[in-house]
Amino acid sequence: MRGRQIPPPAAASSRVVVLAAAVAALLAAALQPLPAAGVDVAAVLAAFPDLAGFARLLASSPVAGELAGRSSLTLLAVPNGNLPQSPSAYAAASGADLADVLRYHVLLEYLAPADLRRLPASGKLVTTLFQTTGRAPADLGAINVTAAGSSLAIVRSPAPFPGSNATVLGAVTAVPYNLSVLAVDGLIVPSGFDLAASESRPPAAVNITKVLADARAFNVAASMLEASGVADEFEADERGAGITVFAPTDDAFAGLPAGDRLQSLPAERKAVVLRFHVLHSYYPLGSLESIVNPVQPTLATEFSQAGRFTLNITRANGSVAIDTGVVQATITRTVFDQNPVAVFAVSKVLLPKEMFSRSDSAIVAAATSPPPAPLPAESPESAPTKLSSPPALRDTAGDANHTTAAAAAAAAGKTKPTIGRRCIALLYLLPLLLPLV
């Protein structure tokens, strides 16, 4: 009777070693901590209309990008009714940057209401996103959270001198254990700034040039505004209905056709083009998307007796489209949005049809005088298709090219009858040639 074969001791031991190694690898993988999953803060806040103002502040600042991928956060959100009328002006009057103020409202620790009720009498020092910037001395970028009787807690600066503080109104929502949203009764300014500021001070005008410089990708627009002096006009225009600025990106300026002649315009006409990018009313993006009257006058209209220089603003393909009659552009993103000022990036430089016209190959500067009156309806075929460039803006090379093109057209016209005669002669000779084939 044949017995079961027993493997050699060496082979058995090698299998045990391999099996042990596999088990060890599986255990190591099981014990490895899982990567922290980030939370979409904007999506969480979108479910709470009372926090829409605070959510818009985050979305219009670099803070929104800094929160992407982070977890274990506590967000101190300010309801609409507790926000300052102008948060940017409030922060600026305190000597702070609004983005840093918002970073001060992001605690790098998950704190649920139950955690707040267990706080020690001395409170708890919690690191904020502002602390990570390195601009806060010592631990003054942290927040001290202390219990406060009937309310959940009070958050304040840990500095020994008086600082701003806020009361926690209650828990809004939580995504355990990634994000806890707590409502507080006001904006908290980090320590080290002028905390005596209040909303009783007149709000500071928004420096549009600085907004564009800080946002990057708008170097050309910022430098043109600064050099032209038009930016100084905006401070007065911000009062009342506010302003809306359409800022072309550096790529938009780089994409201008070679013949656009924008840079060769006199300073006063460049200023008109810059004013053409501004509406004398504050329009957040939602208002532009649902605008009732698509034809909107620009600041350039105020400098024209003819009442022209308007933009046609419509919604197309899910974005806001802007038509000048010469250029069609779209809004690509919101750069700044704080009532009474909104700044949007646009994909192209907005060129008014009163100053520019489109040819087949380029956009050229048009006449300085008002466009001619339209011809009678009975002769539409004689209506001009575009405005001609003024003699003052034409260069010698352009005149030479025009002369050369005219000569070539004349030569081409002369050759057409010759070709026609040869074709007719060939038709007459064709019956004579066919018998010979």
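**Figure 1. Packing of the buried residues of helix α3.** In this predicted model, the buried residues of α3 pack against α2 (41-45), α4 (63-67), β1 (73-77), α5, α6 and β13. Helix α3 itself spans residues 52-59, and its buried residues are G53, F54, L57 and L58. Around the helix axis these residues cover an arc of only 140°, so they lie on the same side of α3.

**Figure 2. The largest pocket and its lining.** The largest pocket has a volume of about 750 Å³, and of the 27 residues that line this pocket, D97, K210, V211, D214 and F336 are the closest to its centre. Helices α5 (87-93), α6 (98-103) and α8 (208-215), together with strand β13 (328-338), each supply at least two residues of the lining. Strand β13 gives the most to the lining of this pocket, with six residues. By class, the lining of the largest pocket divides into 15 nonpolar, six polar and six charged residues. Of the elements shown here, α5, α6 and β13 are also among those against which the buried residues of α3 pack.

**Figure 3. The aromatic pair of Y104 and F130.** The structure holds four aromatic pairs, and one of them is formed by Y104 and F130, whose ring centres are 6.2 Å apart and whose planes stand at 85°, so the pair is edge-to-face. Because Y104 lies in the loop between α6 and β2 (106-107), while F130 lies in the loop between β3 (124-127) and β4 (142-148), the pair ties together parts that are 26 residues apart in sequence. Y104 is buried, with a relative accessible area of 0%, and F130 also counts as buried, at 2% relative accessibility.

**Figure 4. The aromatic pair of F276 and F309.** F276 and F309 form an aromatic pair that is edge-to-face, with 6.3 Å from centre to centre and 70° between the planes. F276 is found in the loop between α12 (267-275) and β9 (278-279), and F309 in the loop between β10 (295-297) and β11 (310-316), so this pair ties together parts that are 33 residues apart in sequence. Both F276 and F309 are buried.

**Figure 5. The largest cavity and its lining.** The count comes to one cavity of 30 Å³ or more, and the largest cavity has a volume of about 100 Å³. The residues that line the largest cavity are L212, A221, L225, F234, V245, F246, A247, P248, F253, L274, H277 and V278. The elements that give two or more residues to this lining are α9 (219-228) and β8 (243-248), and the largest share, four residues, comes from β8. By class, the lining of the largest cavity has eleven nonpolar residues, one polar residue and no charged residues.

**Figure 6. The setting of the close-up views within the whole protein.** The secondary structure of the protein comes to 14 helices and 16 strands, and of its 437 residues, 39% count as buried. Among contacts between residues at least 6 apart in sequence, 64% join residues that are at least 24 apart.

Conventions:
Residues are numbered from 1 along each chain as its sequence is written. This is a predicted model: local features need pLDDT of at least 70, side-chain atom pairs count only at pLDDT 80 or more; totals for chains, interfaces and linings use all residues. Side-chain values use heavy atoms; hydrogens and water are left out. On a 1 Å grid over the protein atoms alone, a cavity is a set of points where a 1.4 Å probe fits but cannot get out, and a pocket is an open set with protein on both sides within 12 Å along at least five of seven lines; lining residues have an atom within 4 Å of a point. Grid points are joined across faces, edges and corners, and a volume is the space filled by probe spheres set on the points. Ala, Val, Leu, Ile, Met, Phe, Trp, Tyr, Cys and Pro count as nonpolar, Asp, Glu, Lys and Arg as charged, and the others, Gly among them, as polar. Buried means under 20% relative accessible area, exposed over 50%, partly exposed in between (1.4 Å probe, protein chains only). The arc is that of the directions from the helix axis to the C-beta atoms. Contact means heavy atoms within 4.5 Å. Rings of Phe, Tyr and Trp (its six-membered ring) pair if their centres lie within 6.5 Å; planes under 30 degrees apart count as stacked, over 60 as edge-to-face and the rest as tilted.
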